[in-house]
Amino acid sequence: MSSKRMVKRFSAAVRVSHWLYAASFITLAVTGYLQFGSALDWMIPLFGSLEGAMVVHRVAAVFLIIAVVLPLLMRPREVSAWLSEVFNFSRADADFLKSFPAKFVGVKKEIPPQGFYNGGEKINSLIQIICGAGLIISGLFLWLSAAPPTIMYPLHALLMAIGVASAIGHIYLALLNPVSNEAIGGMISGEISEQYMKENHGRWYEQTYKKRKGTP
Amino acid sequence: MSRMARLIDITRCTACRGCQVSCKRWNQLAGEIGAFTGSYQSHDDLSPGRWTMIKFYEEKKPGGEMAWHFRKATCMHCADAGCLKACPNEALVREENGTIRRIEENCIGCGHCVQFCPFDIPKVDEVAQKMKKCTFCYDRISNDREPACAKTCVPRAIVYGTWDEMAALADERLAQAKKLYPDSRIYGKDELGGLGVIYILPDSPAKYGLPEDPSLPFTLGLWKDVVHPFGKGLIGASLAATGLAFIISRRNAMKLKESAKLEEGGYDDEQQKNG
């Protein structure tokens with residue numbers, strides 16, 4: 001254990017905002033789903049009543065917005081690096097997706113060298129950015145406007161469904177999938193092993209060490 | 001029980017507001033004193049404690065002559081009810097007699113019904129967090145009594161009966177009304193699958209604050225008929241796929257463990273090396 005070389009992945013500010021976002025997102029998804037379907041109706045007593053759940057929904061919404069604004073103010077460079085990577089979908093990312101089904105069912109397979117984020121992480125990021133922005137905007141309309149444009153109702157529901165479906169995959173890969181769940185260390189302690197970095201983020205590994213060699 | 005309806009004959013209505021009072025009395029709604037509205041109208045709109053009222057509309061004709069229109073505003077108990085479809089918690093139900101009835105304990109006052117009512121009828125009591133609207137005197141009509149407003153109406157402008165009877169009576173009344181008001185027409189027979197209120201209007205609906213051709217916004221159908229089933233399917237598929245992948249991944253890991261217990265370069269060995 002101790003012999004393992006660790007690499008810094010995420011700064012504390014980014015990790016805090018990630019977990020604040022995650023906690024608010026799950027709270028919002030559960031309380032919002034009570035209006036969407038009936039599968040979670042047994043959870044209503046947890047919030048006192050459905051009215052209570054709607055109050056919790058709004059409080060959690062404030063925390064989710066804070067989780068978005070916080071890193072933008074505190075770590076704008078890290079956020080912009082993430083955004084520029086995510087919106088730059090390369091050949092290697094497409095190749096990653098071809099090898100993804102094996103990874104998804106827990107089979108270790110050689111993957112084409114990936115940057116700081118792999119193709120799958122980029123897609124999840126894209127989905128969460130688009131859904132998150134859309135949910136915040138439509139949600140604010142529904143909350144604050146006396147007569148919101150009626151398109152906001154189906155839009156809010158649609159983005160919720162897409163965001164939740166993608167988050168379920170994200171949570172599975174980070175927590176339960178034996179091939180990829182080492183990555184969660186990057187979001188908890190902020191570090192991952194160099195071995196994992198080399199195997200899963202080959203291009204990031206190369207870039208990091210080339211830079212070091214270049215500047216002695 | 002067959003569908004019941006009210007015929008509201010505006011050509012006979014005298015705007016006495018007796019219906020407004022008897023509605024308050026039967027439903028035990030407290031009186032509310034509103035600000036002067038600038039016209040003969042008592043209050044500016046319906047409210048959680050005012051389920052029906054006479055609305056007044058003034059029109060300046062091209063010749064400079066003033067025309068005065070009024071109409072009893074109330075929930076129409078539509079066949080194709082937007083409020084019912086928009087409600088997220090089954091707080092609105094359609095009864096056999098056509099009443100769109102609200103279930104007090106299910107209503108959370110979210111106000112979705114307000115946004116999708118073409119007639120702007122439901123009002124939310126923000127303190128009690130409940131929507132309130134005309135009940136069609138459900139308690140009275142399910143005991144074979146006519147609604148309070150119909151019972152009190154002196155000129156018989158509000159008539160209560162089965163929908164078919166009222167539709168037939170509307171045709172009769174229209175023929176009479178045409179003599180006095182050549183532009184009169186029936187409103188509510190075809191609108192939104194047939195309304196639970198059939199009006200005889202002396203003039204075009206727009207003059208009475210009614211939409212010419214009421215319809216539900218397409219966003220309501222998009223929301224409830226497209227997005228909801230799609231979203232439920234998507235979340236279900238995501239859960240099923242990850243669940244299945246989880247089981248397969250565990251089985252793969254177990255197989256590897258079994259087949260290469262202490263073999264060098266095997267699963268356990270690799271795990272130990274990696275830490």
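Which residue takes a positive phi in the hairpin of β2(B) and β3(B)? In that hairpin, G64(B) has a positive phi near 95 degrees, and five residues lie between the strands.

## Basis of the model

This is a predicted model: local features need pLDDT of at least 70, side-chain atom pairs count only at pLDDT 80 or more, and totals for chains, interfaces and linings use all residues. Residues are numbered from 1 along each chain as its sequence is written, while chains are lettered from A and ligands numbered from 1 in the order in which they are written.

## Chain B overall

Chain B has eight helices and 10 strands; these are DSSP runs numbered from the N terminus, helices being H or I of at least four residues and strands E of at least two. Its radius of gyration is 29 Å, well over the 19 Å from the globule rule for 275 residues, so chain B is more spread out than a compact globule. The radius is taken over C-alpha atoms, and the rule is 2.2 Å times the number of residues to the power 0.38. Along the principal axes, the C-alpha atoms of chain B fill a box of roughly 105 × 45 × 35 Å.

Of the 275 residues of chain B, 35% count as buried (20 or more other C-beta atoms within 10 Å of the residue's own, with C-beta atoms placed from the backbone).

Strands β2 (residues 53–60) and β3 (residues 66–73) of chain B run antiparallel and are joined by eight bridges. Strands count as paired if DSSP finds at least two bridges between them. K55(B) has R71(B) in β3(B) as its bridge partner.

## The four-stranded sheet

An open sheet of chain B has four strands in the order β8-β1-β10-β9, with mixed pairing. At its edges stand β8 (158–162) and β9 (185–187) of chain B, each with a single partner strand, so one side of each is left without a neighbour in the sheet. From one strand to the next, the twist averages 20 degrees.

Three bridges pair β9(B) with β10 (residues 197–201) of chain B in the antiparallel sense. The bridge partner of R185(B) in β10(B) is L201(B).

## Contact between the chains

The contact takes 33 residues from chain A and 30 residues from chain B, where contact requires C-beta atoms, placed from the backbone, to lie within 7 Å. On the side of chain A that touches chain B, the elements giving two or more residues are α1 (12–36), α2 (50–74) and α6 (152–176) of chain A. The most come from α6(A), with 13 residues.

Methods
A residue is buried if 20 or more other C-beta atoms lie within 10 Å of its own, exposed if 12 or fewer, and partly exposed in between; C-beta atoms are placed from the backbone. Two residues are in contact if their C-beta atoms, placed from the backbone, lie within 7 Å. Axes are lines fitted to C-alpha atoms, for helices over the stretch in contact, and angles run from 0 to 180 degrees between N-to-C directions.
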